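Here is a short briefing on one protein chain. Look over the sequence and the 3D structure before you read on.

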Amino acid sequence: MSITGQNNSNILLESGTNEIEIMEFTINDNLYGINVAKVREIMLSAPVKPMPHVHPAVEGIFKPRDQVLTVINLPKYLTGVDSEKQPKDLFIVTNFNKMYIAFRVHSVVGISRISWRDIQKPDNAISGGKDGVATGIAQCGDDLVTILDFERIVAEIAPETSIQMSEIDALGPRQRSDQPVYIAEDSVLLSRMIQDALGKAGYTNVHMFPNGQELWDTLTRMKEEGTAPEQVALVITDIEMPQMDGHHLTKLIKEDRTLSKIPVILFSSLISEEMRIKGKQLGADEQLSKPEIGHLVAVMDHLLHQAAENKA
């Protein structure tokens with residue numbers, strides 16, 4: 001079953017609706033969800049070739065056509081228990097962070113289209129705090145669906161695929177900058193890593209927000225107080241976030257007469273050609289794929305330098 005048909009294309013090309021399509025799937029009769037924008041295909045599970053010296057949740061590799069895919073056993077990852085693989089198990093083939101990975105699940109229930117406002121950030125008791133993999137709880141009809149942080153899962157299994165401080169080291173000696181940078185990122189792990197990386201790169205005035213809504217509320221309050229956009233030099237936003245996604249945040253900023261000159265960078269695992277079209281329609285100044293933190297710093301340097309020249 002391919003997910004690259006007309007229905008998916010429609011939502012990818014719509015602009016700033018603050019909506020998401022959630023694919024619901026089950027593991028041990030529990031409902032979980034993934035953003036349809038991350039899904040490329042659903043297929044019946046197949047024999048997998050084991051690989052040595054890998055994370056316990058990595059089953060191995062298989063080659064459905066001309067591409068070798070890593071298979072992650074999601075039931076084992078979530079429960080820590082080896083369960084018997086069933087013939088009706090499915091592989092959800094995903095594409096994010098420029099990687100294709102297959103996740104074993106027990107069944108796929110369907111797709112629900114909801115507002116990001118229908119997704120709540122789980123409290124620490126549910127999410128596991130800073131080390132948790134539940135990024136949101138979605139109300140899909142009568143069901144509560146746990147949205148998993150797939151980037152967090154892959155970062156734990158393969159740390160080399162996540163943000164690398166070595167990219168900041170490669171930039172060499174840098175001047176410190178106290179220009180105020182506002183960042184919306186819902187992943188606790190990535191928020192910490194981004195803030196640490198930017199601090200190491202010399203950006204000392206970084207303000208983190210867990211979703212687009214809270215950043216937008218802050219901008220709105222500043223505008224009412226007459227202090228925006230002077231107090232915000234740059235906005236960096238993820239795309240997937242509870243309450244308000246990065247596309248809707250970008251749309252609000254760029255359509256606001258007072259705030260529209262603030263540069264906005266979309267920094268997301270979902271950057272693809274389709275998403276670039278959408279981001280461009282919304283007025284994003286730059287769009288970068290995670291986890292390219294060195295590239296992000298270079299683009300920040302450029303946009304802030306450009307903004308300073310425009311003011312001169």
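P291 sits in the loop between strand 16 (286–289) and helix 10 (293–311); helices (H or I, at least four residues) and strands (E, at least two) are DSSP runs, numbered from the N terminus. This is a predicted model, where local features need pLDDT of at least 70, side-chain atom pairs count only at pLDDT 80 or more, and totals for chains, interfaces and linings use all residues. Residues are numbered from 1 along each chain as its sequence is written, and side-chain values use heavy atoms, with hydrogens and water left out.

**Whole chain**
- The chain has 10 helices and 16 strands.
- Its radius of gyration is 20 Å, close to the 20 Å that the globule rule gives for 312 residues, so the chain is as compact as a globular protein of that length. (The radius is taken over C-alpha atoms; the rule is 2.2 Å times the number of residues to the power 0.38.)
- The C-alpha atoms fill a box of roughly 65 × 45 × 40 Å along the principal axes.
- Of the 312 residues, 54% count as buried. (Buried means under 20% relative accessible area, exposed over 50%, partly exposed in between, with a 1.4 Å probe and protein chains only.)
- Take the contacts (heavy atoms within 4.5 Å) with a separation of 6 or more: residues 24 or more positions apart account for 66% of them.

- Most residues other than glycine have a negative phi, and most peptide bonds are trans.
- The peptide bond from K290 to P291 is cis, with omega near 5 degrees.
- D29 is not a glycine, yet has a positive phi of about 70 degrees. D29 lies in the loop between strand 1 (19–27) and strand 2 (30–35). At 75% relative accessibility, D29 is exposed.
- K98 also has a positive phi, near 60 degrees. K98 lies in the loop between strand 6 (90–96) and strand 7 (99–105). K98 is exposed at 58% relative accessibility.

**Two buried residues**
- T161 is in the loop between helix 4 (150–157) and helix 5 (165–169). At 17% relative accessibility, T161 is buried.
- A polar atom of the T161 side chain lies 2.7 Å from the backbone oxygen of A158.
- Leaving out residues up to four places away in sequence, T161 touches N97, M99, V154, A155 and P291.
- K76 is in helix 2 (residues 74–79) and is buried at 18% relative accessibility.
- Leaving out residues up to four places away in sequence, K76 touches P56, V81 and D82.

Technical notes. Polar contact = N/O pair within 3.5 Å; in protein donor to acceptor, adjacent residues only side chain to side chain.
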